[in-house]
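Here are my notes on this model, point by point. Please read them with the coordinates open.

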Amino acid sequence: RVATRWTTTTTMEARHVLLQATMARMASMQVRLKPMQVRPVRVWAASDAPARGSRAEAAEEREERLLEKYEYLLSLGNVDEFHLTDLKRRKSISARSMGALKRCVEWLTDLGMTEQEAVRVIFRFPPIVGLNYERKIEATYEWFQTKEVAKEKFLALVIRYPQFLGLSLEDNIIPALGWYMQTFDFTEEEAIKVLLKHPVILGYSIEKKVIPFLEYLMEEASLTKEEVAVVVKVFPQIIGLNKKSVSKKLDFIRNDIGIEIDDLVKFPHLCGYSLEKRIRPRYMYLKHLGKEFALPPSKVLPATDADFASRLGKSHEDYMEFCKSLR
């Protein structure tokens, strides 16, 4: 207790001495405290305050302008799969004027599209409304013409993958074509044909998507680089498929159906069909009827369920009942 009392007392005395020394120093230095500068507070008048309804009115005006654009697009073609909400999520259309939208439609139709095709392109790639047609789109179109790509094929390319028009010719398109030419010894004509078959490949990262998948094909399917080149040339869509999905398909196609690697190289389209909804049930149904899974796959897989059953002399209902038994 004595030690504690001494320590407390000593501490209080020390603080008192320190406070006196500080006050003396301030007095000797003639320190003066400056009065606090208080800024005048602006008092808002009722007329200065934003009206509560102004935001709501502005939102209503934007909604009306957007609805006007939506009705204009629908008047050009009956496109049932697109709705007003599709435009609401796309600021690249809602932020543009009606004049810009009409100029875009005019340019696309002058290029050779129907009005309905132009509407589909705009809905699928709204930023096209804000693109510079002369410097960007026409330059790309003219470059493809120098490569002897017919106007109809260029239009089909744009309709299938309108995002293609947002890519830079110098930074994206030409380097990508050059990479496929160098990697697989494609001619420029062959590389362009691959692009026309599956233009989405231009949106894939070569380092993160294309190269890892091609290496996977060489390891998983034991394909040589030359065989991978054939697969890409015939069915470039395979690059966009999921690795796990392709692995399951390859396992079933090779081990259950008994298709050899050489045939897979000739008919890589097999990997483009659903294993559970198309490949397995049709193979099992053919096996059930004592028939073989014939190649090319165009004889078995592309047809609808009803047509597939009809070709085998069976009803659609019979085939569907068999599919249910597999689940």
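Predicted model: local features only at pLDDT ≥ 70, side-chain atom pairs only at ≥ 80, totals over all residues.

1. Start with the pair in helix α15. Arg280 and Glu276 form a salt bridge, with N to O at 2.9 Å. The two residues sit 4 positions apart in that helix, so about one helical turn separates them.

2. Helix α17 (residues 316-326) holds another pair at about one helical turn, with Lys324 and Glu321 being 3 residues apart. Their salt bridge has its closest N and O atoms 3.9 Å apart. The cut-off for a salt bridge is 4 Å. Both partners are partly exposed: Lys324 has a relative accessible area of 49%, and Glu321 has 48%.

3. Which residue forms a salt bridge with Glu190? The partner is Lys233, with the closest N and O atoms 3.2 Å apart. Glu190 belongs to helix α10 (residues 188-197) and Lys233 to helix α12 (residues 225-234), so this pair ties together parts that are 43 residues apart in sequence. Glu190 is partly exposed at 24% relative accessibility. Lys233 is partly exposed too, at 34%. The structure holds 6 salt bridges, this one among them.

4. Glu57, Glu60, Glu61 and Glu64 form a negative surface patch. Of these, Glu64 is found in helix α2 (residues 52-76).

5. Is Thr140 buried or exposed? It counts as buried, because its relative accessibility is 2% and the limit for that class is under 20%. Thr140 lies in helix α7 (residues 133-146). Beyond its neighbours within four places in sequence, Thr140 is in contact with Phe154, Phe164, Leu169 and Ile173.

6. At 27% relative accessibility, Leu289 is partly exposed. Setting aside neighbours within four places, Leu289 contacts Leu312 and Lys314. Leu289 and Leu312 are 23 residues apart along the chain, and their C-alpha atoms are separated by 8.9 Å.

7. Now the whole chain. The secondary structure comes to 17 helices and 0 strands. Of the 327 residues, 35% are buried. Among contacts with a separation of 6 or more, 65% join residues 24 or more positions apart. The accessible surface is about 21,000 Å², and carbon and sulfur atoms account for 52% of that area.

Definitions and conventions
Residues numbered from 1 in each chain as written. Heavy atoms only, no water. Buried < 20%, exposed > 50% of the residue type's maximum accessible area, 1.4 Å probe, protein only. Contact = heavy atoms within 4.5 Å. Areas by Shrake-Rupley, 256 points an atom, 1.4 Å probe, with all protein chains shown as cover. Patch = residues over 30% accessible without salt bridge, like charges linked within 9 Å, V, L, I, M, F, W, Y side chains within 5 Å. Salt bridge = Lys/Arg side-chain N within 4 Å of Asp/Glu carboxyl O. Lys, Arg positive; Asp, Glu negative; His and termini not counted. Charge placed at Lys NZ, Arg CZ, Asp CG, Glu CD.
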